[in-house]
Amino acid sequence: MPSTLSNPLRLGLRQERVIPPQCLIIFGASGDLTHRKLIPALFELYLQRRIPSEFAIVGCARRPWSDQDFKEKMKTKLADQISENEKEWEQFSNYLFYEPVDLQQSDHVVRLSKRLNEIDKIQATHGNKTFYLSVSPNFYGSGCKALKAAGLIDDPKKSRIVIEKPFGRDYSSAKKLNKIVQSCADESQIYRIDHYLGKETVQNILVMRFANTIFEPIWNRNYISSVQITSSETVGVEDRAGYYESSGALRDMLQNHLTQMLAVTAMEPPGKFEPEAIRNEKAKVLQASKLADENEPWNCCIRGQYAKGGNSLKRLKGYRDEDGVNLNSTTETYIATKVFIDNWRWQGVPFYLRTGKRLPKRLGEIVLTFKDVPVHLFESTIINPAPNQLILRIQPNEGATFKFEVKSPGSGMKSRPVEMEFSYDESFGEPSDEGYVRLLADAMLSDPTLFTRSDEVEAAWKLYTPLIELMEDSPWKLPIHKYESMTWGPPESDQLLSKDNIFWRRP
Amino acid sequence: MKPQLTLQTPLELPHQEITNYLNQLWISEDEDSSGANTFTLMVWQPAWLEQCLVQSGLISGPITGTLSPEIIKIAKNLIIDKGLSHTTSIYSEELLTLLKENLSNNDFEDFRGQFFESSISTLNPRRLITLAPTLNKESEIKTFVSAYCPLSENTITQPICGDLVVIRGDSNSIKKKGLKIIDDLSIKDLPSWLWWNGNLDESQEIFNYFTDQGIRLIIDTANGSPKRCLKILYQSIKLNKAINDLNWVRLKSWRESLAMIFDPPSRRPVLDHISDIDVDIAEGNFLQALLLISWISDKLKWEFSKIDKHGELIKIEFKRNNGEKISTCINPVPLGNPSIHSGQVIGLRLISKISEVRKNNTCVILGCESVECMRLEAGGMADMQLIEQVVPNAFSSSESDVSNLLGSSRGNTSPLFENAIKVAVQIFNGFNK
């Protein structure tokens with residue numbers, strides 16, 4: 001009997017695009033991202049039979065590893081994922097190569113160029129190259145320059161550069177970096193990755209909005225009273241203190257992931273489902289976004305830092321007690337802010353964005369709260385009728401919930417809220433791919449739809465410039481509020497909303 | 001899609017000069033205009049119906065090779081006027097025979113091969129070769145050559161150009177000379193496709209010539225006898241040659257809709273208890289229904305037991321590996337206004353018996369219209385848990401289906417289709433046992 005764990009009738013029906021012959025070069029191959037995300041994503045693509053036989057992955061880092069070392073390191077790191085597909089891993093590992101490279105050394109890059117030519121011949125990759133810069137952001141500019149100097153990105157049709165976040169530290173550095181990168185390669189060759197856009201649920205926002213007639217007519221200031229965008233993590237800083245101390249929640253999450261969710265939620269419908277049409281609309285909405293109070297930004301932003309917490313079974317350290325963190329650190333691990341979008345669709349509708357570490361749940365969600373009915377005809381079983389809400393769950397328990405009022409059973413005419421549910425698990429029953437699976441494939445297919453364009457990145461930084469300037473020039477005006485680990489951030493964050501008679505949704 | 005026109009009026013050239021002419025065409029000082037580096041598409045384009053209608057004066061020329069709504073309308077009216085059964089296909093031999101009685105034998109302008117849909121041109125075929133057989137049985141080979149550069153919406157992109165060749169003549173001269181010309185025109189390093197845009201029972205020698213060359217095939221098994229079509233399909237997969245079938249492509253929404261019903265994990269146990277499947281088709285060729293049943297049985301790992309014909313009904317029996325029997329039935333339904341594609345699936349009913357209590361069992365009904373759903377619902381199906389869905393048979397043009405195939409093919413036969421063919425052949429062979 002067929003297994004009903006997966007839908008047997010679904011097998012083979014999905015027609016995925018096949019990646020063309022390709023050489024993927026990963027700079028920073030000895031780093032975490034390579035073994036945590038990139039190689040697992042590529043192996044998943046291999047298991048899905050989307051990797052062509054003419055393929056190569058060349059790991060590059062300063063460590064003097066050989067091809068064999070690289071294969072073994074990856075095998076060890078990915079042991080859990082490989083255990084069920086050992087035979088496939090053996091075949092996949094034939095694609096793995098390694099070249100010791102320091103991008104700052106021009107002779108290294110020249111040597112790499114020669115090696116890539118050899119690999120191109122052996123693997124018949126037709127000269128197609130995708131360079132993945134998984135290195136310190138400080139080296140993005142110089143890395144691109146080195147690739148340009150070695151002639152590795154001269155052909156705009158056959159070469160691409162994927163750049164990880166953060167792209168810059170603020171508006172001016174992002175602008176400067178864009179200028180450098182664009183002097184080395186055409187914008188069409190540059191893929192600025194934001195893995196949130198690779199999530200099925202984020203892409204589904206576009207489909208829900210633009211493939212249904214019922215949402216778009218009410219997706220505006222006439223019907224929506226506020227929008228909340230939350231991305232919370234239960235983990236602390238872990239072993240990323242070095243990076244996190246200089247970035248904080250604003251640069252690590254708010255400027256990129258949350259702002260991309262804001263853009264996808266608020267953008268106008270594109271004329272066509274084409275990369276530039278979509279990116280134009282995202283850029284436009286970001287350019288129209290501004291902090292709720294640009295002149296006195298401390299009125300529309302709350303910063304927090306997790307303090308110790310937990311329970312008698314598990315004690316949790318405060319941020320300042322974490323390894324590698326300055327004892328007097330003022331880096332925010334939590335940030336909440338209020339944004340307006342100055343356009344016809346959203347004028348006057350507050351968008352509340354919050355993100356933080358050591359919060360009670362790991363989740364991402366977008367909550368659209370609709371306006372109250374003009375007249376309350378019915379009494380509610382609770383104090384007031386709850387406003388309608390559409391909750392788009394990005395992760396976990398991916399799906400959507402629509403909350404609305406119905407008649408409470410009984411002889412009276414009282415209303416009560418109920419929920420209509422859509423769950424990926426219940427509807428499709430199969431896990432969706434990790435964001436990196438989708439994005440790596442798209443980059444190699446030269447499809448930039450889900451990557452951020454230079455003007456989007458700059459607009460996102462510009463939006464938060466008043467906050468960044470304040471944090472740097474007068475940090476006391478935007479103080480760090482402590483919050484106990486595993487609580488929903490500092491109480492001041494609740495006050496940000498309660499001023500508007502709104503509350504954060506407790507997921 | 002608008003038809004794509006050539007850059008220049010096709011030039012009539014003696015066939016001996018074509019190769020040389022084409023070679024010269026792409027030799028240029030500018031390296032970028034050396035022609036697309038994609039594929040060659042050959043099209044067998046008899047357009048017998050259109051030729052007959054033009055020759056009979058029922059439509060005005062020129063002959064284009066495109067099955068226009070006007071042609072379909074006139075052909076359907078003729079079927080009624082000539083007293084043929086309403087279910088007669090517009091491609092049927094009966095209709096053509098009647099039309100051939102009143103041919104004028106005049107010369108009409110013939111633009112076959114000079115028009116092709118932009119959905120195909122945007123794929124930038126390097127060379128398009130059209131074989132245009134004529135009704136006139138004493139028509140010598142004529143060859144025409146032209147270049148084309150599809151206009152891209154992306155103005156930055158340099159136009160990617162290709163060439164097209166039309167080989168026109170009666171079937172006999174195409175067989176004797178046309179195939180030799182094609183031989184000379186093949187571009188060795190590029191993949192070649194043949195779209196057989198005609199009945200698979202005719203001009204078999206010409207068809208076999210292409211299959212012997214290992215060219216990737218696009219056929220339509222709605223247009224040919226099931227025996228011949230299955231033979232072609234089976235030979236292709238046996239010899240590991242890429243084959244695509246527009247009749248299978250048109251099943252896509254049925255396969256997708258059925259799979260979608262079982263996406264929610266809570267419904268999957270239903271699949272383990274299927275006892276009956278009924279497939280309604282428009283009267284005619286039953287091959288599409290056979291492929292649909294074959295696909296389901298392959299995915300659910302059923303073993304074929306036997307096939308019987310009861311009048312028009314075809315009954316096929318399978319066995320699950322626990323020994324349980326599954327009965328399936330292909331049921332041709334007479335329709336007033338059938339699709340131009342013979343024997344298209346119009347409804348599917350699947351019954352899963354999980355218990356003796358009827359209301360605990362499940363009935364899945366897919367119909368191309370709600371009326372068909374209601375028809376399949378008859379007989380107490382509503383007593384069971386009923387899952388119903390309308391799957392509209394909204395067909396795209398063959399050109400558009402061909403373009404999708406060319407754009408998405410990996411150069412081999414789809415594994416799903418290949419497995420369905422194997423089962424379908426096994427079932428069909430059961431007729432002879």
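These exercises, each with a worked solution, concern a predicted model.

**Exercise 1. The sheet of chain A**

Find the order of the six strands in the open sheet of chain A, and state which strands stand at the edges.

Solution. Step one is to read across the sheet: the order is β3-β2-β1-β4-β5-β6, with parallel pairing. From one strand to the next, the twist averages 20°. Step two is to look for strands with a single partner. These are β3 (96-100) and β6 (190-192) of chain A, so one side of each has no neighbour in the sheet. Step three takes one pair in detail. Strand β1 (residues 22-27) of chain A and strand β2 (residues 55-61) of chain A run parallel and are joined by six bridges. Within this pair, Ile25(A) is opposite Val58(A) of β2(A).

**Exercise 2. Helices on the sheet**

**Exercise 3. Two nonpolar cores**

Identify the residues that touch the most other members of the largest nonpolar core.

Solution. Then list neighbours of Ile161(A). Leaving aside residues up to four places away in sequence, its contacts include Phe131(A), Leu133(A), Ile153(A) and Tyr191(A). Finally, a second, separate core has 90 residues, among them Tyr148(B), Trp196(B), Val402(B) and Phe417(B).

**Exercise 4. A helix pair in chain B**

Classify the packing of helix α2 against helix α3 in chain B by the angle between them.

Solution. First take the geometry: helix α2 (residues 48-55) of chain B and helix α3 (residues 69-81) of chain B pack at about 75°, with axes 11 Å apart. Angles of 65 to 115 degrees count as roughly perpendicular, so α2(B) and α3(B) are roughly perpendicular to each other. Then take the residues: Leu49(B), Glu50(B) and Leu53(B) of α2(B) meet Ile71(B), Ile74(B) and Ala75(B) of α3(B). By class, this contact has five nonpolar residues, no polar ones and one charged residue.

Conventions
Residues numbered from 1 in each chain as written. Chains lettered and ligands numbered in written order. Predicted model: local features only at pLDDT ≥ 70, side-chain atom pairs only at ≥ 80, totals over all residues. Axes fitted to C-alpha atoms, helices over the stretch in contact; angles between N-to-C directions. Helix = DSSP H or I, 4+ residues; strand = E, 2+ residues; numbered from the N terminus. Parallel < 35°, antiparallel > 145°, perpendicular 65-115°, else oblique. Contact = placed C-beta atoms within 7 Å. Nonpolar A, V, L, I, M, F, W, Y, C, P; charged D, E, K, R; others polar. Core = buried A, V, L, I, M, F, W, Y, C linked by C-beta atoms within 7 Å. Buried ≥ 20, exposed ≤ 12 C-beta atoms within 10 Å, placed from the backbone. Pairing = 2+ DSSP bridges.
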